[in-house]
Each structure stands twice: as structure tokens, then as C-alpha cells.
Amino acid sequence: MNPKIAAYLRDHAPATPCLVLDVDRVEQNYRRLMAAMPLARVYYAVKANPAAPILDRLTALGSSFDAASWEEIEACLAAGARPADISFGNTVKKVSAIKAAHAAGVTMYAFDSEPELKKLAQHAPGARVYCRILVENKGAEWPLSRKFGCEMGMAKALMVKAAEWGLDPYGISFHVGSQQTQTGAYQAAIARVAMLFTDLRQAGVNLRMVNLGGGYPVRYRAEVPEIDAFGDAIMGAMAEHFGNALPEMVIEPGRFMVGDAGVVSSEVVLVSRKGEDDPVRWVYLDIGRFGGLAETEGEAIRYAFRTPHDGGAEGPVTIAGPTCDSTDTLYEKSNYRLPLALDCGDRVELIATGAYVTTYASQAFNGFKPLAEHYI
Ligand SMILES: Cc1ncc(COP(=O)(O)O)c(C=O)c1O
């Protein structure tokens with residue numbers, strides 16, 4: 001466990017459930033990414049954790065930002081980010097949000113459909129636009145499916161149209177799915193982007209930017225490749241397909257930047273069994289699916305747990321949250337085992353929970369308050 005967070009939990013024993021996040025670790029992660037991909041510009045995916053201390057630190061470091069909404073753009077501006085360093089990366093935007101962003105000076109926008117491109121042409125004239133293409137999400141533990149992106153032929157036609165409509169056809173983006181564990185996913189996607197660059201050049205449109213999205217993984221229960229392996233694979237593929245004519249490179253890391261910087265501290269509310277001889281104990285925590293652990297849906301993201309009894313004899317468990325909703329069961333099939341000594345009132349820490357937790361927490365489902373947050 002991160003020693004700074006361990007010391008904070010020991011010295012302050014903050015009320016649970018809460019997230020404690022080490023902002024220095026976010027800075028280290030930013031630097032690790034820059035070292036792994038020195039030619040890429042980092043646009044932090046604000047949705048992963050939009051807390052002001054994180055945005056303030058990243059702004060001071062010179063990071064750029066990928067925002068999903070006008071509200072996230074406002075948060076970046078409040079942190080001192082320049083509008084020119086913010087990308088409005090959601091391909092589904094309200095007209096009012098586009099107008100507000102354009103008026104604030106944001107010049108870079110994503111799209112993946114003709115109606116969205118039309119909105120941009122009308123309400124953000126002259127903007128730099130990039131088209132998101134569909135790519136394979138195999139290897140991602142939290143895939144982003146077909147919700148975003150369009151097919152290659154459509155992307156080509158829309159980029160030609162973007163130029164005709166007075167927009168600046170800036171580049172192509174993709175997202176290989178979050179918690180992507182295979183470096184090859186980026187290599188395959190880059191090959192597709194390169195084909196589009198060539199096709200569009202022949203059509204008279206010279207793109208200048210490749211946005212490689214997010215996806216860079218965090219170590220939860222299982223090992224994942226180091227960030228340098230992703231950097232090597234990506235730079236190798238870029239050199240292979242673009243040679244000396246490398247376009248600008250953008251990356252939009254979310255999970256990697258903040259995931260391992262945070263720990264959720266929770267309390268065991270109940271340990272019980274469904275029958276006298278049932279070997280499986282049910283462990284109910286004071287945080288669950290509705291308290292912020294939404295990525296346990298389908299047991300997709302499997303967090304690691306620390307308890308005061310680690311090292312002692314263990315047995316199989318089902319782990320659940322505190323609400324009266326049966327979907328508030330975190331892990332039933334992923335072979336979790338916890339110490340037999342675990343009991344009501346024990347504190348349990350969920351490691352590497354700095355990403356996609358706080359903003360997923362419901363306001364008051366079953367009366368429970370949203371997750372408390374401590375940035376140290
Ligand atoms: C457009 C976009 N960029 C970046 C990210 C961040 O992805 P990750 O947290 O996997 O790095 C997301 C996540 O949903 C996204 O939708």
C-alpha cells in the first residue's frame with residue numbers, strides 16, 4: 001500500500017467509506033507517461049477523477065485535458081487550464097455545451113457522426129475537429145463497445161465534409177477500451193488510422209493529429225504490462241506506419257493517472273453465512289456498487305483488498321455492499337478469499353481505487369452519503 005496513504009489512514013482514521021488519494025502519485029504517473037511516450041501530449045481524461053487538487057496539480061505541470069461535458073471544461077478552467085489546452089472529447093454533446101465551450105475559447109472537438117459534425121460547424125465554426133473511429137476492444141477489462149466511434153468509410157467522408165463546412169479537419173481518435181491489457185490493441189488501431197491518413201491525403205485532406213485515447217492499465221489483482229511496454233509498442237507502430245512524417249500525438253489517460261494514487265477505506269458491516277455448513281461467508285462492506293464501485297459490474301474490475309488480518313488463514317467469500325439491492329453484490333464469481341478472522345467493525349482497504357469511483361457514487365441511495373474524499 002502507498003506509504004503516504006497508509007500513514008494518513010493510521011494518523012487520521014477518517015470516517016468510512018472514504019477515498020484517500022495521494023496527489024504526488026498522480027504527478028509521478030504523469031511523469032512516467034511522459035517518459036514512456038515523450039512525443040505524445042497528455043490530455044488527462046477528467047472523468048476518471050475531476051477533483052480540484054488533481055486538476056490544479058496537472059495544470060501546474062503543463063498537462064492538457066480531455067473533458068466530457070461543459071461542467072468538466074469549467075472545472076479545468078477553474079484550475080487555470082488554458083482553453084486551448086482542453087479537448088471536448090465526448091462525441092455526444094448538447095448544443096448549449098458546444099456554444100459555451102466555443103465562447104470560452106475551446107478549439108478542439110471530437111465527433112463520430114454527421115449530425116454532431118453539423119452541430120460543430122454551426123456552433124463552433126473553424127474548430128479543430130477529430131473523428132473517432134471504431135476499433136477492436138479485445139483485451140480491455142472495461143470495454144467501451146460500439147457506443148462511440150464510426151466505421152472507416154464514414155470517418156473518411158466526414159473529414160472531407162468537415163473541411164467543406166469550414167472546420168479544421170485535424171485528426172483521428174480511437175479508444176481501445178479501458179484497462180486494456182494488450183499492447184497489440186494500440187498497434188492494430190494505429191494501422192487503421194494510418195490507412196485513413198493516406199486515404200484522406202489522396203482526397204486532398206491533410207490530417208495532423210492522432211489521438212490514441214486512454215486505456216493504459218492499472219495493477220489491480222493481476223499483473224499488467226508496464227507503461228513502458230505500451231510506450232514502446234505505440235512508438236514502434238507510429239514509426240512503422242508514419243515513418244519520418246509523424247503526426248502530433250495525443251493521449252487521454254484517465255485510469256493510469258489516478259487509479260493507483262487512491263485507496264478506498266471501508267468498514268465491515270456484517271460477516272454472515274447462508275447456512276450453518278456453507279463454506280462461503282458473505283462480507284458486507286459500507287461501500288458497494290452504489291457507493292462508487294460501479295466498475296464491479298459484471299465483476300469487470302477486480303480490486304485488491306487489504307485487511308488487518310492479512311497473512312492469517314483465509315476462506316472463500318462473496319463481497320457485497322450495504323444497500324438493500326441485490327445488484328449491490330461486488331464479487332461472487334471471482335474467487336475472492338479473505339481472512340477467517342475478519343469481523344464486523346474491521347477496516348478494509350480497497351487498493352488502487354483512485355479512478356472512476358468518487359463520481360460514480362450515488363447521492364443518497366438507501367440514505368447513504370456519497371463517498372468522502374481526502375486529497376493529500
Ligand atoms: C474519450 C475518452 N478518452 C479517454 C478516456 C480514459 O480512458 P482510461 O481511463 O481507460 O485511460 C475515456 C474513458 O472512458 C474516454 O471516453
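**View 1. Asn-366 in the loop between strands S18 and S19 of the predicted model.** Asn-366 counts as partly exposed because 14 other C-beta atoms lie within 10 Å of its own, a number between the 20 or more required for a buried residue and the 12 or fewer of an exposed one. The loop that holds Asn-366 runs between strand S18 (347-351) and strand S19 (372-375). The backbone of Asn-366 has a phi near 65°, a positive value in a residue other than glycine.

**View 2. The loop between helix H1 and strand S1, with Ala-13 and Pro-17.** Ala-13 lies in the loop between H1 and S1, and its phi is near 40°, which is positive although the residue is not a glycine. With 10 other C-beta atoms within 10 Å, Ala-13 is exposed. Pro-17 is found in the loop between helix H1 (3-12) and strand S1 (18-21), and the peptide bond that joins Thr-16 and Pro-17 is cis, with an omega of about -5°.

**View 3. Helix H3 and the elements that cover its buried residues.** In helix H3, which spans residues 52-61, the residues Ile-54, Leu-55, Leu-58 and Thr-59 are buried. These residues lie on the same side of H3, because they cover an arc of only 130° around the axis. An α-helix has 3.6 residues a turn, so residues three or four places apart point the same way. The cover over the buried residues of H3 includes helix H2 (23-36), strand S2 (40-45), helix H4 (70-78) and helix H10 (255-258), whereas the face turned away from the buried side carries the exposed residues Ala-52 and Ala-60. Just after H3, Gly-62 takes a positive phi of about 90°.

**View 4. Tyr-44 in strand S2.** Tyr-44 is buried, since 32 other C-beta atoms lie within 10 Å of its own. Apart from neighbours within four places in sequence, Tyr-44 is in contact with Leu-58, Ser-63, Phe-65, Asp-66, Pro-253 and Met-257; Leu-58 is also one of the buried residues of H3. The C-alpha atoms of Tyr-44 and Val-258 are separated by 9.7 Å, although the two residues are 214 residues apart along the chain.

**View 5. Lys-156 in helix H7.** Helix H7 covers residues 152-164 and includes Lys-156, a residue that counts as buried because 21 other C-beta atoms lie within 10 Å. When residues up to four places away in sequence are set aside, Lys-156 touches Leu-196, Asp-199 and Leu-200. The C-alpha atoms of Lys-156 and His-309, which are 153 residues apart along the chain, are separated by 58 Å.

**View 6. The residues around the ligand.** The ligand is surrounded by 15 residues, of which the closest are Ala-45, Ser-178, Gly-214, Gly-254 and Arg-255. By residue class, the shell around the ligand divides into 5 nonpolar, 7 polar and 3 charged residues.

**View 7. Cys-324 in the loop between strands S15 and S16.** UniProt lists Cys-324 under "active site" in an unreviewed entry, an annotation that may be inferred rather than shown by experiment. Cys-324 is placed in the loop between strand S15 (314-320) and strand S16 (329-331), and it counts as exposed because it has 7 C-beta neighbours inside 10 Å.

Technical notes
Residues are numbered from 1 along each chain as its sequence is written. This is a predicted model: local features need pLDDT of at least 70, side-chain atom pairs count only at pLDDT 80 or more; totals for chains, interfaces and linings use all residues. A residue is near a molecule or strand if its C-beta atom, placed from the backbone, lies within 6 Å of it. Ala, Val, Leu, Ile, Met, Phe, Trp, Tyr, Cys and Pro count as nonpolar, Asp, Glu, Lys and Arg as charged, and the others, Gly among them, as polar. Helices (H or I, at least four residues) and strands (E, at least two) are DSSP runs, numbered from the N terminus. The arc is that of the directions from the helix axis to the C-beta atoms. Two residues are in contact if their C-beta atoms, placed from the backbone, lie within 7 Å.
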